[in-house]
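Subject: Structure handover

Hello,

Here is the structure I promised to pass on. My notes follow below it.

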Amino acid sequence: MQDAALAELGLGGEWSYEAIDVAPDALEARVQAMPGEGFVGANVTVPHKAAALALADELSETAREIGAANTLVFAEGEIRAENTDAEGLLRALPGSPSGKRALVLGAGGAARAAVWALLREGAEVAVWNRTGLRSRNLCEELGGDPVAEPDQGTFDLIVNSTAVGLGGEDPFAELPLDPDGFSADQDVVDMVYGAEPTALLRAAQAAGATTVDGLEILVQQGALSLGIWTGRKPPLDTMRAAARSIRR
Ligand code: NAP
């Protein structure tokens, strides 16, 4: 996705994007070495998003408030941490969540970004998590209301920010959702990406709901990161086509 965008921007000869596997105890040394190796930045993913924040010299307000960074920028001898997951989710939504009743499932890094973004846009946010203590802590820190038994039909927007579905689990066995409980006036988002559409989105689509898949969010957050590093407008269509062409 990123290499396709770099080629489209005419930067393909000079720039490249590569995946680097790093063990948690090697993250800091790896990141500190990167500017000297010519890297201008990095995306950071599970399980490094909180650690990336801790090793940065400067944090964006978004990254600081969410408590996680997915994007690092190496400039002027400093490491700056950003979070584009939150804005990426908002850009993937079919419309503004302002004034909507939203249900976020999960309490990990993805859920934190979703709750933060939806609250900032003026949604009313309920948060459910398998481990209730984590959703209660999340809401104490960021806002929103923890719920133990959400009433699926009362929400305008439902966001699955758990990892359920990633390994082919049945979302309706693991999450407080009923496959027949969606309606046509709901927006349903599944942050999980991979084999698509997920069972969750298939059920929502069958009820006529508007759905957003994890690949669209991945593309949006990646495009925002690319824009930060290059200062150029990311070619979204090219990135989307590249991401969808390697669907598992
Ligand atoms: P994380 O910090 O490890 O959190 C995982 C979350 O999933 C926790 O809330 C956990 O609940 C829940 N969970 C895991 N297995 C479960 C199960 N069997 N039943 C119920 N809940 C379960 O991970 P993360 O970074 O937030 O990522 C979550 C998902 O979002 C992943 O699939 C990731 O790929 C996806 N994601 C997508 C994008 C994108 O751009 N599309 C961006 C970020 C993340 P407990 O607290 O109870 O363990």
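Leaving aside its neighbours within four places in sequence, which residues is Thr198 in contact with? They are Asp190 and Val192, where contact means heavy atoms within 4.5 Å. Thr198 lies in the loop between β9 (187-190) and α9 (199-206). Helices (H or I, at least four residues) and strands (E, at least two) are DSSP runs, numbered from the N terminus. Thr198 counts as buried, at 9% relative accessibility. Buried means under 20% relative accessible area, exposed over 50%, and partly exposed in between, with a 1.4 Å probe and protein chains only.

A word on the basis. This is a predicted model, in which local features need pLDDT of at least 70 and side-chain atom pairs count only at pLDDT 80 or more, while totals for chains, interfaces and linings use all residues. Residues are numbered from 1 along each chain as its sequence is written, and side-chain values use heavy atoms, with hydrogens and water left out.

Domains

The protein divides into domain 1 (2-83 + 216-247) and domain 2 (87-212). These bounds come from an automatic or database domain assignment. The C-alpha centres of domain 1 and domain 2 lie 25 Å apart. Across the boundary, 13 residues of domain 1 are in contact with 15 residues of domain 2.

Ligand

The shell around the ligand draws at least three residues from each of domain 1 and domain 2. There are 25 residues around the ligand, and Ala110, Asn129, Arg130, Thr131 and Arg134 come nearest. A residue is near a molecule or strand if one of its heavy atoms lies within 4 Å of it. By class, the shell has 11 nonpolar, nine polar and five charged residues. Here Ala, Val, Leu, Ile, Met, Phe, Trp, Tyr, Cys and Pro count as nonpolar, Asp, Glu, Lys and Arg as charged, and the others, Gly among them, as polar.

Two helices, α6 (109-120) and α10 (214-230), each supply at least two residues of the shell. α10 gives the most, with four residues.

One of Gly109 is 3.1 Å from a ligand oxygen atom. One of Ala163 is 3.1 Å from an oxygen atom of the ligand. One of Met191 is 3.0 Å from a ligand nitrogen atom. Taken alone the ligand exposes 920 Å², and the protein buries 82% of that. Accessible areas come from the Shrake-Rupley method with a 1.4 Å probe; for residues, only the protein chains shown count as cover.

Buried residues

Gln221 is in helix α10. Gln221 is buried, with a relative accessible area of 9%. A polar contact of 3.0 Å joins the side chains of Gln221 and Asn70. A polar contact is a pair of N or O atoms within 3.5 Å; within protein, one must be able to donate a hydrogen and the other to accept it, and residues adjacent in sequence count only if both atoms are side-chain atoms. Beyond its neighbours within four places in sequence, Gln221 is in contact with Asn43, Asn70, Thr84, Asp85 and Gly88.

Leu9 sits in the loop between α1 and α2. Its relative accessible area is 14%, so Leu9 is buried. C-alpha to C-alpha, Leu9 and Pro235 are 7.7 Å apart in space, and they are 226 residues apart in sequence. Setting aside neighbours within four places in sequence, Leu9 is in contact with Leu226, Arg232, Lys233 and Pro235.

Val22 lies in the loop between α1 (2-8) and α2 (27-33). Val22 is buried too, at 19% relative accessible area. Leaving out neighbours within four places in sequence, Val22 is in contact with Leu27, Arg30 and His48. The C-alpha atoms of Val22 and His48 are separated by 8.9 Å, with the two residues 26 apart along the chain.

Backbone points

The peptide bond from Val46 to Pro47 is cis, with omega near 5 degrees. Pro47 is in the loop between β1 (41-43) and α3.

Glu76 has a positive phi of about 50 degrees, although it is not a glycine. Glu76 lies in the loop between β3 (71-75) and β4 (78-82). Glu76 is exposed, with a relative accessible area of 83%.

Ala51 is found in helix α3 (residues 49-54). Ala51 is partly exposed, at 35% relative accessible area.

Best wishes
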